[in-house]
Amino acid sequence: MNGRGDGAPAEISRRTAAAQGRAEGLNVGWTVFSYLLAGMAAYGAIGWLIGRAVHVPVLLPVGMLVGLAISIGFIIYRYGVQAATTQPRTSAKAQGDDR
Amino acid sequence: MTGDVSALASGGCHIFSGCGFPAPGLRDFEWKPFFTIGSVGFTKPMLLAILAALVVIVFFWVAFRSPKLVPRGIQNIGEVAILGVRDQILRPSLGRRGDSYLPFLVSLFFFIYIMNVMELIPILQFPVTSRIGFVWPMVFIVYFLYLYLGVKNQGAWGYLKNMIPPGVPAPIYVILVPVELLRFFVFQPFTLGVRLFGNMFAGHLLLTIFTIATWYLLSLSVGLIYAAGSFALAIFVFLLETLVTLLQAFIFTTLTATYIASSLEASH
(Lines give C-alpha, C1' and ligand atoms only; values in the text may rest on other atoms or scores of the structure.)
Protein backbone atom coordinates (compact mmCIF):
# COMPACT_ATOMS: atom_id res chain seq x y z
CA MET A 1 0.00 0.00 0.00
CA ASN A 2 3.01 2.28 0.13
CA GLY A 3 2.57 4.24 -3.06
CA ARG A 4 5.63 6.45 -2.75
CA GLY A 5 8.35 3.83 -2.85
CA ASP A 6 10.62 2.71 -0.06
CA GLY A 7 13.03 5.68 -0.08
CA ALA A 8 16.45 5.75 1.54
CA PRO A 9 16.43 4.34 5.11
CA ALA A 10 18.25 7.42 6.44
CA GLU A 11 15.63 9.73 4.93
CA ILE A 12 12.80 7.63 6.41
CA SER A 13 14.51 7.69 9.82
CA ARG A 14 14.90 11.45 9.62
CA ARG A 15 11.22 11.92 8.73
CA THR A 16 10.12 9.53 11.47
CA ALA A 17 12.26 11.36 14.02
CA ALA A 18 10.85 14.72 12.90
CA ALA A 19 7.27 13.45 13.13
CA GLN A 20 7.97 11.93 16.57
CA GLY A 21 9.46 15.21 17.74
CA ARG A 22 6.40 17.10 16.47
CA ALA A 23 3.96 14.77 18.25
CA GLU A 24 5.99 14.84 21.47
CA GLY A 25 6.30 18.62 21.33
CA LEU A 26 2.54 19.05 20.89
CA ASN A 27 1.79 16.69 23.75
CA VAL A 28 4.33 18.26 26.12
CA GLY A 29 3.24 21.80 25.24
CA TRP A 30 -0.41 21.22 26.00
CA THR A 31 0.33 19.07 29.07
CA VAL A 32 2.46 21.88 30.49
CA PHE A 33 -0.36 24.36 29.85
CA SER A 34 -2.82 22.01 31.59
CA TYR A 35 -0.46 21.69 34.58
CA LEU A 36 -0.26 25.47 34.98
CA LEU A 37 -4.05 25.81 34.94
CA ALA A 38 -4.60 22.77 37.16
CA GLY A 39 -2.06 23.95 39.77
CA MET A 40 -3.66 27.36 40.08
CA ALA A 41 -7.20 25.92 40.14
CA ALA A 42 -6.46 23.13 42.65
CA TYR A 43 -4.58 25.23 45.20
CA GLY A 44 -6.73 28.27 44.49
CA ALA A 45 -9.77 26.17 45.44
CA ILE A 46 -8.04 24.83 48.55
CA GLY A 47 -7.02 28.39 49.49
CA TRP A 48 -10.55 29.63 48.90
CA LEU A 49 -12.03 26.88 51.10
CA ILE A 50 -9.58 27.53 53.94
CA GLY A 51 -9.99 31.30 53.52
CA ARG A 52 -13.75 30.93 53.73
CA ALA A 53 -13.46 28.87 56.91
CA VAL A 54 -11.06 31.25 58.66
CA HIS A 55 -12.46 34.45 57.05
CA VAL A 56 -9.21 35.36 55.29
CA PRO A 57 -10.17 35.99 51.64
CA VAL A 58 -6.57 36.64 50.61
CA LEU A 59 -5.91 32.88 50.82
CA LEU A 60 -7.51 32.45 47.37
CA PRO A 61 -4.83 34.40 45.44
CA VAL A 62 -2.15 33.01 47.79
CA GLY A 63 -3.35 29.48 46.98
CA MET A 64 -3.31 30.25 43.27
CA LEU A 65 0.28 31.49 43.49
CA VAL A 66 1.33 28.46 45.53
CA GLY A 67 -0.36 26.19 42.96
CA LEU A 68 1.40 28.00 40.13
CA ALA A 69 4.74 27.58 41.91
CA ILE A 70 4.06 23.85 42.47
CA SER A 71 3.12 23.42 38.80
CA ILE A 72 6.23 25.25 37.57
CA GLY A 73 8.41 23.23 39.92
CA PHE A 74 6.89 19.96 38.76
CA ILE A 75 7.15 20.95 35.08
CA ILE A 76 10.85 21.72 35.56
CA TYR A 77 11.32 18.39 37.35
CA ARG A 78 9.35 16.31 34.86
CA TYR A 79 10.37 17.90 31.58
CA GLY A 80 13.73 19.27 32.59
CA VAL A 81 15.50 17.13 35.18
CA GLN A 82 13.72 13.81 34.52
CA ALA A 83 13.67 14.19 30.72
CA ALA A 84 17.40 14.94 30.73
CA THR A 85 18.13 11.64 32.50
CA THR A 86 16.05 9.68 29.95
CA GLN A 87 17.43 11.58 26.91
CA PRO A 88 19.68 8.77 25.57
CA ARG A 89 16.70 6.36 25.48
CA THR A 90 14.51 8.89 23.66
CA SER A 91 17.23 9.62 21.09
CA ALA A 92 17.72 5.95 20.36
CA LYS A 93 13.97 5.56 19.84
CA ALA A 94 13.85 8.53 17.49
CA GLN A 95 16.64 7.17 15.31
CA GLY A 96 14.99 3.83 14.72
CA ASP A 97 12.36 3.15 12.10
CA ASP A 98 9.56 0.89 13.19
CA ARG A 99 7.81 0.44 9.85
CA MET B 1 -26.69 34.81 9.29
CA THR B 2 -29.26 36.78 11.21
CA GLY B 3 -29.98 40.28 12.38
CA ASP B 4 -28.04 43.23 11.03
CA VAL B 5 -25.83 41.15 8.80
CA SER B 6 -28.77 39.89 6.75
CA ALA B 7 -30.05 43.47 6.53
CA LEU B 8 -26.65 44.48 5.20
CA ALA B 9 -26.66 41.71 2.61
CA SER B 10 -30.14 42.55 1.41
CA GLY B 11 -29.77 46.26 0.86
CA GLY B 12 -27.73 49.40 0.63
CA CYS B 13 -26.23 49.59 4.10
CA HIS B 14 -22.94 51.30 3.29
CA ILE B 15 -20.66 53.82 4.93
CA PHE B 16 -21.88 57.47 4.72
CA SER B 17 -25.45 56.30 4.07
CA GLY B 18 -26.53 56.81 7.67
CA CYS B 19 -26.31 53.09 8.36
CA GLY B 20 -24.06 52.00 11.23
CA PHE B 21 -21.55 49.17 10.81
CA PRO B 22 -23.40 45.91 11.48
CA ALA B 23 -20.62 44.33 13.54
CA PRO B 24 -20.77 40.55 13.58
CA GLY B 25 -21.10 38.81 16.92
CA LEU B 26 -22.43 35.74 18.66
CA ARG B 27 -25.74 35.98 16.81
CA ASP B 28 -23.88 35.02 13.61
CA PHE B 29 -23.26 31.61 15.17
CA GLU B 30 -26.93 31.03 15.96
CA TRP B 31 -29.23 29.61 13.34
CA LYS B 32 -32.95 29.43 12.95
CA PRO B 33 -34.01 25.78 12.82
CA PHE B 34 -35.16 24.37 9.47
CA PHE B 35 -37.69 22.30 11.41
CA THR B 36 -38.18 21.06 14.95
CA ILE B 37 -38.53 17.56 16.35
CA GLY B 38 -40.21 17.92 19.71
CA SER B 39 -38.23 20.69 21.40
CA VAL B 40 -35.08 20.13 19.34
CA GLY B 41 -34.54 22.39 16.33
CA PHE B 42 -32.69 21.00 13.31
CA THR B 43 -30.24 23.76 12.33
CA LYS B 44 -27.65 24.37 9.62
CA PRO B 45 -24.65 23.21 11.76
CA MET B 46 -26.44 19.90 12.38
CA LEU B 47 -27.02 19.48 8.64
CA LEU B 48 -23.36 20.29 7.95
CA ALA B 49 -22.17 17.79 10.60
CA ILE B 50 -24.25 15.04 8.96
CA LEU B 51 -22.95 16.12 5.56
CA ALA B 52 -19.35 15.94 6.85
CA ALA B 53 -19.91 12.41 8.16
CA LEU B 54 -21.47 11.37 4.84
CA VAL B 55 -18.57 12.86 2.85
CA VAL B 56 -16.04 10.84 4.89
CA ILE B 57 -18.07 7.60 4.73
CA VAL B 58 -18.88 7.86 1.01
CA PHE B 59 -15.34 8.91 0.02
CA PHE B 60 -13.61 5.99 1.74
CA TRP B 61 -16.32 3.55 0.68
CA VAL B 62 -15.97 4.57 -2.97
CA ALA B 63 -12.15 4.57 -2.73
CA PHE B 64 -11.91 1.07 -1.27
CA ARG B 65 -15.07 -0.74 -2.43
CA SER B 66 -12.98 -2.87 -4.78
CA PRO B 67 -9.33 -2.19 -3.92
CA LYS B 68 -6.67 -3.09 -6.48
CA LEU B 69 -3.10 -4.11 -5.71
CA VAL B 70 -1.93 -1.32 -8.01
CA PRO B 71 -4.19 1.57 -6.98
CA ARG B 72 -5.96 3.65 -9.63
CA GLY B 73 -8.16 6.71 -9.58
CA ILE B 74 -9.82 7.60 -6.29
CA GLN B 75 -8.13 4.67 -4.53
CA ASN B 76 -4.84 6.58 -5.00
CA ILE B 77 -6.24 9.59 -3.15
CA GLY B 78 -7.71 7.36 -0.44
CA GLU B 79 -4.36 5.64 0.08
CA VAL B 80 -2.47 8.93 0.24
CA ALA B 81 -5.00 10.17 2.84
CA ILE B 82 -4.66 7.05 4.97
CA LEU B 83 -0.86 6.93 4.65
CA GLY B 84 -0.69 10.60 5.59
CA VAL B 85 -2.53 9.97 8.86
CA ARG B 86 -0.55 6.78 9.49
CA ASP B 87 2.90 8.26 8.88
CA GLN B 88 2.39 11.75 10.28
CA ILE B 89 0.04 11.09 13.19
CA LEU B 90 -0.25 7.44 14.20
CA ARG B 91 3.20 5.92 13.74
CA PRO B 92 5.17 8.76 15.40
CA SER B 93 3.17 8.30 18.62
CA LEU B 94 2.15 4.66 18.62
CA GLY B 95 4.55 2.87 16.30
CA ARG B 96 3.43 -0.28 14.46
CA ARG B 97 1.49 -1.60 17.46
CA GLY B 98 -0.98 1.24 17.01
CA ASP B 99 -2.05 0.24 13.50
CA SER B 100 -5.32 -1.17 14.85
CA TYR B 101 -6.31 2.40 15.77
CA LEU B 102 -5.78 3.65 12.22
CA PRO B 103 -9.48 3.47 11.17
CA PHE B 104 -10.47 5.47 14.26
CA LEU B 105 -7.80 8.15 13.76
CA VAL B 106 -8.44 8.44 10.00
CA SER B 107 -12.19 8.86 10.62
CA LEU B 108 -11.58 11.39 13.39
CA PHE B 109 -9.08 13.43 11.37
CA PHE B 110 -11.17 13.66 8.21
CA PHE B 111 -14.45 14.22 10.07
CA ILE B 112 -12.93 17.18 11.93
CA TYR B 113 -11.18 18.47 8.80
CA ILE B 114 -14.34 18.37 6.67
CA MET B 115 -16.34 20.08 9.44
CA ASN B 116 -13.64 22.78 9.68
CA VAL B 117 -13.18 23.30 5.98
CA MET B 118 -16.89 23.94 5.49
CA GLU B 119 -16.05 27.45 6.68
CA LEU B 120 -14.35 28.10 3.35
CA ILE B 121 -16.88 26.50 0.97
CA PRO B 122 -19.35 28.99 -0.55
CA ILE B 123 -23.01 28.52 0.48
CA LEU B 124 -22.00 26.20 3.36
CA GLN B 125 -19.52 28.78 4.81
CA PHE B 126 -19.79 27.80 8.45
CA PRO B 127 -17.31 25.73 10.49
CA VAL B 128 -19.34 23.21 12.47
CA THR B 129 -16.65 23.03 15.15
CA SER B 130 -17.17 26.73 15.96
CA ARG B 131 -20.21 25.48 17.91
CA ILE B 132 -18.69 23.89 20.99
CA GLY B 133 -21.59 21.45 21.33
CA PHE B 134 -20.19 19.57 18.32
CA VAL B 135 -16.71 19.40 19.86
CA TRP B 136 -17.54 17.98 23.31
CA PRO B 137 -18.89 14.64 22.02
CA MET B 138 -15.62 14.06 20.16
CA VAL B 139 -13.63 14.98 23.28
CA PHE B 140 -15.84 12.61 25.29
CA ILE B 141 -15.25 9.73 22.83
CA VAL B 142 -11.48 10.33 22.85
CA TYR B 143 -11.34 10.58 26.64
CA PHE B 144 -13.51 7.53 27.16
CA LEU B 145 -11.17 5.54 24.91
CA TYR B 146 -8.14 7.03 26.73
CA LEU B 147 -9.48 5.97 30.14
CA TYR B 148 -10.75 2.60 28.97
CA LEU B 149 -7.41 1.63 27.38
CA GLY B 150 -5.49 2.90 30.41
CA VAL B 151 -7.56 0.89 32.89
CA LYS B 152 -7.56 -2.16 30.60
CA ASN B 153 -3.78 -2.16 30.16
CA GLN B 154 -2.61 -1.00 33.58
CA GLY B 155 -5.51 -1.75 35.92
CA ALA B 156 -7.50 0.97 37.70
CA TRP B 157 -5.04 1.41 40.59
CA GLY B 158 -1.96 1.12 38.40
CA TYR B 159 -3.38 3.68 36.01
CA LEU B 160 -4.03 6.20 38.79
CA LYS B 161 -0.61 5.49 40.31
CA ASN B 162 1.12 5.98 36.96
CA MET B 163 -0.39 9.43 36.51
CA ILE B 164 2.52 10.71 38.62
CA PRO B 165 5.81 9.73 37.01
CA PRO B 166 8.09 7.34 38.91
CA GLY B 167 10.94 8.70 40.99
CA VAL B 168 8.95 11.48 42.63
CA PRO B 169 9.65 11.63 46.40
CA ALA B 170 6.72 10.38 48.56
CA PRO B 171 5.85 13.73 50.24
CA ILE B 172 5.66 15.39 46.83
CA TYR B 173 3.03 12.82 45.83
CA VAL B 174 0.58 14.33 48.30
CA ILE B 175 1.17 17.82 46.94
CA LEU B 176 0.81 16.67 43.33
CA VAL B 177 -2.33 14.56 43.65
CA PRO B 178 -4.86 17.44 43.44
CA VAL B 179 -2.93 19.01 40.55
CA GLU B 180 -2.71 15.74 38.64
CA LEU B 181 -6.36 14.82 39.18
CA LEU B 182 -7.56 18.23 38.05
CA ARG B 183 -5.21 18.24 35.07
CA PHE B 184 -6.21 14.78 33.95
CA PHE B 185 -9.96 14.91 34.45
CA VAL B 186 -10.69 18.60 33.84
CA PHE B 187 -8.04 20.70 32.12
CA GLN B 188 -6.60 18.23 29.62
CA PRO B 189 -10.01 17.44 28.04
CA PHE B 190 -10.99 21.09 28.41
CA THR B 191 -7.96 22.34 26.46
CA LEU B 192 -8.42 19.58 23.86
CA GLY B 193 -11.94 20.80 23.09
CA VAL B 194 -11.59 24.53 23.61
CA ARG B 195 -8.51 24.79 21.39
CA LEU B 196 -10.39 23.38 18.38
CA PHE B 197 -13.53 25.37 19.11
CA GLY B 198 -11.66 28.62 19.85
CA ASN B 199 -9.55 28.55 16.73
CA MET B 200 -12.49 27.86 14.44
CA PHE B 201 -14.73 30.37 16.22
CA ALA B 202 -12.12 33.14 16.01
CA GLY B 203 -11.26 32.33 12.40
CA HIS B 204 -14.89 32.46 11.31
CA LEU B 205 -15.46 35.69 13.19
CA LEU B 206 -12.40 37.30 11.55
CA LEU B 207 -13.51 36.17 8.11
CA THR B 208 -17.02 37.52 8.75
CA ILE B 209 -15.72 40.86 10.03
CA PHE B 210 -13.53 41.54 7.01
CA THR B 211 -16.11 40.29 4.50
CA ILE B 212 -18.86 42.45 6.00
CA ALA B 213 -16.49 45.42 6.34
CA THR B 214 -15.57 45.14 2.66
CA TRP B 215 -19.24 45.28 1.66
CA TYR B 216 -20.04 48.01 4.16
CA LEU B 217 -17.14 50.24 3.08
CA LEU B 218 -17.85 49.76 -0.62
CA SER B 219 -19.09 53.14 -1.86
CA LEU B 220 -18.05 55.85 -4.30
CA SER B 221 -16.04 57.70 -1.66
CA VAL B 222 -12.84 57.38 0.31
CA GLY B 223 -14.44 54.24 1.73
CA LEU B 224 -13.44 52.46 -1.48
CA ILE B 225 -9.78 52.52 -0.38
CA TYR B 226 -10.70 51.04 3.00
CA ALA B 227 -12.86 48.45 1.26
CA ALA B 228 -9.87 47.38 -0.83
CA GLY B 229 -7.77 47.06 2.33
CA SER B 230 -10.49 45.06 4.06
CA PHE B 231 -10.86 42.84 1.00
CA ALA B 232 -7.10 42.14 1.00
CA LEU B 233 -7.32 41.18 4.69
CA ALA B 234 -10.34 38.96 4.00
CA ILE B 235 -8.29 37.11 1.35
CA PHE B 236 -5.37 36.85 3.79
CA VAL B 237 -7.59 35.44 6.55
CA PHE B 238 -9.16 33.04 4.04
CA LEU B 239 -5.71 31.70 3.10
CA LEU B 240 -4.76 31.53 6.78
CA GLU B 241 -7.91 29.58 7.54
CA THR B 242 -7.12 27.00 4.83
CA LEU B 243 -4.05 26.22 6.96
CA VAL B 244 -5.82 26.50 10.34
CA THR B 245 -8.60 24.06 9.34
CA LEU B 246 -6.01 21.41 8.51
CA LEU B 247 -3.77 22.23 11.46
CA GLN B 248 -6.56 21.99 14.04
CA ALA B 249 -7.67 18.59 12.72
CA PHE B 250 -4.01 17.50 12.82
CA ILE B 251 -3.46 18.72 16.40
CA PHE B 252 -6.66 17.12 17.72
CA THR B 253 -5.83 13.77 16.10
CA THR B 254 -2.14 13.88 17.08
CA LEU B 255 -3.03 14.53 20.72
CA THR B 256 -5.56 11.68 20.55
CA ALA B 257 -2.78 9.39 19.30
CA THR B 258 -0.42 10.49 22.09
CA TYR B 259 -3.19 9.90 24.68
CA ILE B 260 -3.77 6.40 23.33
CA ALA B 261 0.01 5.78 23.41
CA SER B 262 0.24 6.92 27.03
CA SER B 263 -2.66 4.63 27.97
CA LEU B 264 -0.86 1.65 26.46
CA GLU B 265 2.38 2.43 28.28
CA ALA B 266 3.11 1.83 31.95
CA SER B 267 4.09 5.43 32.63
CA HIS B 268 3.06 8.73 31.05
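Predicted model: local features only at pLDDT ≥ 70, side-chain atom pairs only at ≥ 80, totals over all residues.
Let me start with a term.

Helix 2 of chain B covers residues 44-64, and helix 4 of chain B covers residues 102-117. They pack at an angle of about 135 degrees, and their axes are 9 Å apart. Helix 2 and helix 4 of chain B are therefore oblique to each other. The crossing of helix 2 of chain B past helix 4 of chain B is right-handed.

Which residues make that contact? Helix 2 of chain B brings Leu48(B), Ala49(B), Ala52(B), Ala53(B), Val55(B) and Val56(B). Helix 4 of chain B answers with Ser107(B), Phe110(B), Phe111(B), Ile114(B) and Met115(B). Sort the residues of this contact by class, and you get ten nonpolar, one polar and no charged.

Next pair. Find helix 5 of chain B, residues 136-154, and helix 7 of chain B, residues 170-217. Their axes come within 9 Å and cross at roughly 140 degrees. That makes helix 5 of chain B oblique to helix 7 of chain B. Again we have a right-handed crossing, with helix 5 of chain B passing helix 7 of chain B. From helix 5 of chain B, look for Trp136(B), Val139(B) and Tyr143(B). From helix 7 of chain B, look for Pro189(B), Leu192(B) and Gly193(B). Here the classes are five nonpolar, one polar and no charged.

Now step back to chain B as a whole. It has eight helices and two strands. The C-alpha trace of chain B spans about 70 × 55 × 45 Å along its principal axes. Chain B has 268 residues, and 32% of them are buried. Take the contacts in chain B between residues at least 6 apart in sequence: 66% of these join residues at least 24 apart.

Chain B also touches chain A. How many residues does each chain give to the contact? Chain A gives 26 residues, and chain B gives 28. Stay on the chain A side. Two elements there give two or more residues: helix 1 (9-54) and helix 2 (59-85) of chain A. Helix 1 of chain A supplies the largest share, 16 residues. By class, this side of chain A has 13 nonpolar, ten polar and three charged residues.

Last topic: backbone angles. Most residues other than glycine have a negative phi.

One is His55(A). Its phi is positive, about 60 degrees, and it is not a glycine. You will find His55(A) in the loop between helix 1 and helix 2 of chain A. Is His55(A) buried or exposed? His55(A) has 7 other C-beta atoms within 10 Å, so it is exposed.

The other is Ile123(B). Its phi is near 75 degrees, a positive value in a residue other than glycine. Ile123(B) sits in the loop between helix 4 and helix 5 of chain B. With 6 other C-beta atoms within 10 Å, Ile123(B) is exposed.

Thank you.

Definitions and conventions
Residues numbered from 1 in each chain as written. Chains lettered and ligands numbered in written order. Helix = DSSP H or I, 4+ residues; strand = E, 2+ residues; numbered from the N terminus. Buried ≥ 20, exposed ≤ 12 C-beta atoms within 10 Å, placed from the backbone. Contact = placed C-beta atoms within 7 Å. Axes fitted to C-alpha atoms, helices over the stretch in contact; angles between N-to-C directions. Parallel < 35°, antiparallel > 145°, perpendicular 65-115°, else oblique. Left-handed = near helix turned anticlockwise from the far one by under 90°. Nonpolar A, V, L, I, M, F, W, Y, C, P; charged D, E, K, R; others polar.
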